[in-house]
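This report covers the overall form of one protein chain and then a site annotated in a sequence record. The structure is shown first.

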Amino acid sequence: MGFLAFGINHKTAAVDLRERVAFAPEQLADALQRLRDETMTQEVAILSTCNRTEIYCSQDHPDAERLLNWFAGFHGLTLEELRGCSYLHSDAGAVTHMMRVAAGLDSMVLGEPQILGQMKDAWQSARTAGTLGPYLDRLFQSTFNTAKQVRTDTAIGENPVSVAFAAVSLSRQIFSDLKRSTALLIGAGETIALVARHLFEQGVGRIIVANRTLERAELLSEPLGGQAILLNQIPDFLAQCDIVISSTASPLPILGKGAVERALKQRRHKPMFMVDIAVPRDIEPEVGGLADVYLYTVDDLHEVIEDNLRSRQDAAEAAERLIDLGTQEFMQRLRALAAVDVLRRYRVKAEAMRDQELAKAQARLDRGADASVVMAEMARALTNKLLHDPSVQLKQMSAEGRAEALALAQELFALDDVTTTQGES
């Protein structure tokens, strides 16, 4: 069984292309099943976040070209576009890549913790869609265990650095005194929850959470003393807001240029700071062209994030060693599983031979044959049958000059300490 990890991320593609290949939550189950059926892949999972879209799969005969063609067709890309911004890892390389992603070593913010939860969501989605399977499941479990070990045994997760933290750090550069600022948070997912917590800890004056469902917004805002509103109420509150940070799964922009222009007039052009973390984007790009608006996307957070990268390099080196070890251990277990399957099939074959010879011997005993003679002949016949196929194969491989096969047979049958004696003719 071979593994493939294919994808596009923030290092290989800009946000406008990443949003074209993102899988919306409501289309994920259908996409998984289509991918499995149309590429003849036994097991498949999809990870889709604001910074990456990746496919993990296991196949008896890995076919990367079929996978590329499906992905390009599903998202309306040409193969040339796809090859120019994607990456592909196979077998041990795929295992290492998944473990690096889950541990946060491939993230925009080195060591950020949210990706492990997103990886677990990808596992659960594949499980629910019926596309997981035993081999990919084992790989995910090993990936989770290795990522947990990285978190436990290194300092990579000690500092609160993430896209959410970077967004809040930028807001402090625009508004030095957050106590006098009002923040509008659009969405109620994990990233926005982190933003809300960071803003609260930094002492922001007021938090408003806007979401498609009021219940989710209230769940997030109430512990922080904030206010919950629906998405369609945003225009009524926008003029009050100094900071706007958005991260939803909406396929279309939530905040347009016109709404922001009207809010700026009401604010008498007091500056607004906006961060659009979503992919596809929640805020129309044209908003960034308005005077008195500071609009950042996830790609614009690099400078803040670079400062955090330097503080985590030593921990990352230790994490890489743990991942190398995790990859080796998984591949060893995988090879052992392959051996178990071969042994099981050989045992079934040997037991069929045994039963056949035993039935013959029992029939002869029932006819009154001498038991000692019957037992000796049964032992000889069974030995000959067990040795026949290996003998034929070894002779054939020897005739073909495959000396390594003879050496392997010597080791397989533990013949190093066995001496051969020949009787007189």
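Predicted model: local features only at pLDDT ≥ 70, side-chain atom pairs only at ≥ 80, totals over all residues.

The secondary structure consists of 16 helices and 10 strands.

Further totals for the protein chain are as follows.

| Quantity | Value |
|---|---|
| Buried residues | 44% of the 425 residues |
| Contacts between residues 24 or more positions apart | 70% of the contacts with a separation of 6 or more |
| Accessible surface | about 22200 Å² |
| Share of accessible surface from carbon and sulfur atoms | 51% |

An unreviewed UniProt entry gives the feature "binding site" at Thr49, Cys50, Asn51, Arg52, Ser107, Glu112, Pro113, Gln114 and Gln118. Of these residues, Thr49, Cys50, Asn51, Arg52, Ser107, Glu112, Gln114 and Gln118 are included in the lining of the largest cavity.

Two of the annotated positions can be described further. Cys50 sits in the loop that runs between β2 (43–48) and β3 (52–59), and Asn51 is placed in the loop between β2 and β3. Leaving aside residues up to four places away in sequence, Cys50 is in contact with Arg18, Ile277, Val279 and Val298. With the same exclusion, Asn51 touches Ile8, Asn9, His10, Arg18, Met108, Val163 and Val298.

Is Asn51 buried or exposed? Asn51 counts as buried because its relative accessibility is 9%, and the cut-off for buried is under 20%.

How values were computed
Residues numbered from 1 in each chain as written. Heavy atoms only, no water. UniProt positions renumbered as here; feature names shortened; annotations may be inferred. 1 Å grid on protein atoms, 1.4 Å probe; cavity = no way out; pocket = protein on both sides within 12 Å on 5 of 7 lines; lining within 4 Å. Helix = DSSP H or I, 4+ residues; strand = E, 2+ residues; numbered from the N terminus. Contact = heavy atoms within 4.5 Å. Buried < 20%, exposed > 50% of the residue type's maximum accessible area, 1.4 Å probe, protein only. Areas by Shrake-Rupley, 256 points an atom, 1.4 Å probe, with all protein chains shown as cover.
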